[in-house]
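Colleague: Could you walk me through this one? I'd like to know what the words really mean.

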Amino acid sequence: MDTVTVINALVSGLLTGLVYGLSALGLSVIFGVIRIVNFAHGELMVVGMFLALMLFRWFGLDPLWSVPICAALLFCVGYALQHFVVRRVSYLPDHMQFLLLAGIAIMIVSGCLVIFGPDAQGVQLDYALDSFAIGNLIVDKVRVYAAIAAIVVASLLLLFFKYSATGRAIRACADNYLGARVVGLNVDRLYALTFGIGAACIGAAGCIILLLVQVHPYLAPAYTLLAFVVVIVGGMGSLFGALLGGIMIGVSEELASVVLQPSLKTAFSFGLLIVVLLLRPQGLLGRVVR
Amino acid sequence: MSDLTIAGRAALIALVVALLALPWIASGYILSVSIICLYLAYMGQAWNLMLGFAGLLSIGHALFVGLGAYASGFLFTKWGVPPVIGVAAAVAIAMLMGAIIGYLGFRFAISGVYFALLTIAFSEFVRILLDHAKFLGGTEGLFLPVTQASRRGVDLLNLRGWTEMYYYVILVLAAGAFLLCRALLHGRIGYYWRAIRDNPEAAAAVGVDIFRFRMFAVLLSSGMAGVAGVFYAFYYNNLFPEQVLGIERSIEITLAPIVGGVGTLFGPIFGAFVLTPLGELLTDFISHLKGWGIIGKDVKVDGVKLMFWGFTVALIVLLKPTGLWPWVCQRLHLVKPPGQRGS
Amino acid sequence: MIIGCYDSGITSAVAQVCEAKSIPLVVNVAAAPQITDGRFKTVFRNFPTGPMIASDAFLLQKEVYAIAGKAPKSAVLLHANDTFGTTQKDASVNLIGKFDMPYKFADVISYDPAARDLSAEVRKAKGSNAELLWIITRLNDAIMIVQEMVKQRWVPMGIVSTGPGPYDDPFLKQLGKLSDDIINMVPWFDPNKPMSKAMIAAWAKKFPDRTLNTSVSHSFEATLIALDAYKRAGSAEPAKLIEALQKTNIAENVTVGPAITFNEKGQNVKTRNSAIQNRGGKLVSVAPKEAAVGKPIWPMRPWNARG
């Protein structure tokens with residue numbers, strides 16, 4: 001294959017990867033702080049996607065403008081989930097937490113099935129088929145917008161965690177649970193906030209992904225797995241890691257398609273996951289927390 | 001038996017009699033459902049070994065079933081190797097895979113969630129490889145030869161015969177699994193396993209070889225799943241990677257034991273007996289709801305059924321995390337309290 | 001008697017059960033060759049096998065290129081990695097040598113039919129610099145492929161499809177002008193036959209806004225076959241029905257080809273495919289000659305040059 005194809009593939013992978021990274025940010029935030037593995041991740045994202053779809057159908061709202069709305073709505077969902085449900089099982093062993101979230105995930109998927117039906121649905125945007133041409137490089141317009149949106153949201157999140165008081169409080173809980181309680185932080189409320197923020201991230205990512213992909217209820221598990229692969233490769237609990245992991249997976253999927261067969265690209269991602277789990281389970285930028 | 005109260009013994013005998021007599025009194029439909037029920041009970045026992053006894057959560061167990069199914073199916077289709085011999089290959093390959101995953105898990109000290117993700121990754125990886133494996137049918141599927149004589153008579157060597165035959169085969173497997181686990185659990189290995197599960201550091205301090213006993217659990221678990229794969233292949237006679245190794249299959253395997261009670265002996269069986277009929281009843285109930293106009297006609301049955309399912313599972317986790325079976329045992333006084341056992 | 005089942009994998013599984021229970025199965029749509037390779041005695045298929053579809057595709061292409069006066073010098077095959085797609089791909093790749101085509105396959109690309117987006121796949125196909133794009137898809141992936149081609153500004157000489165997707169209503173509706181000029185080389189009905197005309201008229205009355213395509217015409221014929229066998233057998237006993245089906249000979253039908261008959265393996269080997277081109281949301285039969293109602297547009301028009 002020629003250089004032009006490869007370069008086009010790399011650019012496309014980079015852009016898509018940024019969106020993957022945004023989706024994984026939600027997972028990383030939740031796990032990094034609360035130490036809960038959110039198996040309903042993909043399902044929450046599908047809810048965000050359907051919300052954006054509805055907003056588009058009823059108000060003609062471009063998904064990019066729906067991002068704040070979806071983020072806010074999913075924040076509430078996440079907050080409620082942590083506060084009323086997840087909090088009660090934090091003392092239970094891993095497999096019970098997994099099962100609870102899996103049960104919730106199943107409920108969400110079935111709810112979507114009943115309300116929206118099993119068929120794939122998408123938004124029809126005017127600029128959906130446009131592309132920028134820079135010499136031999138042809139870049140999909142929608143992908144560029146999506147990547148920019150992902151960067152904006154991710155930056156807001158990073159700024160929040162770095163500079164705001166609540167952000168620092170949340171990081172304190174993650175670094176030292178006991179110390180945080182000793183100092184008097186309301187850990188329960190902060191955990192609920194964290195889950196809400198993570199869910200908001202997922203919602204935003206869902207809106208953005210709707211630009212690129214059609215939504216249907218069974219899309220969820222694939223995205224849950226994808227987010228896990230990204231977060232593990234990039235590093236659980238590291239925000240930059242999630243973005244970096246996203247880019248790596250995005251690019252490797254593209255390259256695997258070009259060099260091998262496109263039907264093997266998911267296998268390649270899983271292979272990468274296995275290798276990372278074995279050699280460096282904390283991921284590229286993660287901290288070794290056991 | 002010594003652990004059971006009189007009520008418990010009566011219940012057990014009633015159960016055994018009912019299971020043995022089922023094919024004579026039940027319709028073809030109930031027979032098929034019972035086969036699925038017993039299959040899940042068997043698989044639940046196998047899976048339970050890894051989590052309940054070795055402390056490893058596996059969400060990719062369908063991988064071992066798939067390997068067993070494809071191995072024995074391929075040998076039968078290509079070279080006419082009967083399943084009674086093919087099962088050896090199936091178990092060997094499944095165990096090999098289990099050994100690889102187990103070894104990697106221990107060597108690199110991966111546990112908990114990370115281990116679960118490792119099992120998912122391996123399962124999906126192999127599934128996609130199988131999709132591309134032409135000699136095993138790939139996405140077109142592997143079809144075991146079926147003739148008009150295949151569903152008649154009783155041919156145990158080739159696993160061909162009446163549906164009733166399949167029922168007894170899986171019944172024997174499920175009962176055998178139960179007895180095997182019981183024997184192991186009550187023996188020395190059982191004590192080592194429980195020590196490792198409850199407090200690995202203390203166990204190591206006392207001199208228990210953690211690696212060896214955990215690996216044993218993993219190998220046994222994967223091997224048993226491999227046998228299930230052979231049954232699957234010869235009962236359904238067609239194998240598609242997505243159907244056999246899909247992640248839905250893996251999750252399905254975990255439902256019965258978790259609902260019944262992880263780490264208990266009878267939990268997986270109880271869980272299977274509760275969930276399978278529940279699923280069928282739900283489908284029935286939903287069609288009735290449609291008939292009475294409570295639900296719209298074009299609402300898909302699948303969606304509503306899944307919703308009840310997820311709800312039930314979440315409810316059980318919130319209210320009865322140790323599983324339903326211990327609770328049922330207590331309420332119905334089926335088991336003697338710890339102080340009175342050992343007669 | 002059972003009629004079915006559209007999906008090759010499912011049809012094979014159903015055939016197994018029917019064989020075990022000695023119930024006849026009349027296949028309306030399913031292309032996997034192993035269904036009628038002699039292993040089943042109770043299956044009767046009135047739909048071409050994968051190799052038959054591929055062979056016909058080559059012959060139909062030669063006709064189209066001859067009429068248009070332009071033939072591609074290279075081709076790329078882009079197919080879904082499911083039962084149907086893989087069977088078709090194998091047949092096409094294995095049989096191209098027998099037909100003295102003006103092109104060779106520069107690349108054969110498979111993709112996961114459940115893939116969320118196909119930009120990498122289309123990019124790879126574009127990178128092969130082939131003049132002919134041959135696709136074997138389902139519905140949603142067909143839509144995604146065309147959309148990606150527009151985004152990546154790829155205009156090959158033309159697009160040929162030997163599977164479902166491009167002739168389905170949602171494809172035509174969602175893509176509008178962009179769906180034009182794709183040529184489907186698939187089993188189809190012969191619009192010039194008298195029974196076809198009656199079928200078309202009845203369909204237009206009952207389902208005015210749905211297109212009459214392969215699924216309809218072949219299900220229609222399958223039902224015809226089933227009823228004809230039942231009439232001749234005089235009973236609903238499976239054994240008698242199977243006997244009657246073996247002797248089927250229906251001269252008045254709607255698909256391209258002579259009377260419907262089955263060989264000793266239960267396959268109708270005489271049924272032929274047509275080339276149908278998408279034009280303005282309608283499907284126009286352009287080949288073979290006896291079933292044609294229009295001339296093919298070849299090469300295809302660029303994406304932004306459609307009226």
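**Helices, contacts and burial**

Modeller: Helices (H or I, at least four residues) and strands (E, at least two) are DSSP runs, numbered from the N terminus. By the way, this is a predicted model: local features need pLDDT of at least 70, side-chain atom pairs count only at pLDDT 80 or more, and totals for chains, interfaces and linings use all residues. Residues are numbered from 1 along each chain as its sequence is written, while chains are lettered from A and ligands numbered from 1 in the order in which they are written.

Colleague: What is the handedness of the crossing of helix 1 and helix 5 of chain A?

Modeller: Left-handed. That word applies if the near helix is turned anticlockwise from the far one by less than a right angle; clockwise would be right-handed.

Colleague: Which residues of helix 1 of chain A meet helix 5 of chain A?

Modeller: Among them are A:Leu15, A:Val19 and A:Leu22, and the helix 5 side includes A:Ala147 and A:Ile151. Being in contact takes C-beta atoms, placed from the backbone, within 7 Å.

Colleague: Why is C:Leu241 called buried?

Modeller: Buried needs 20 or more other C-beta atoms within 10 Å of its own (exposed is 12 or fewer, partly exposed is in between; C-beta atoms are placed from the backbone). C:Leu241 has 23, so it is buried. You'll find C:Leu241 in helix 9 (residues 238-246) of chain C. Leaving aside neighbours within four places in sequence, its contacts include C:Met1 and C:Pro24.

Colleague: How do you know that the span of helix 2 (residues 41-59) of chain A agrees with what it should be?

Modeller: Expected span is 1.5 Å times one less than the number of residues. For the 19 residues of helix 2 that gives 27 Å, and the end C-alpha atoms are 27 Å apart, so the two agree. Helix 2 of chain A is mostly covered too, with 15 of its 19 residues buried.

Colleague: How many residues of chain A are in contact with chain B?

Modeller: 36, against 38 residues of chain B. The largest share of the chain A side, 16 residues, comes from helix 4 of chain A.

Technical notes: Contact = placed C-beta atoms within 7 Å.
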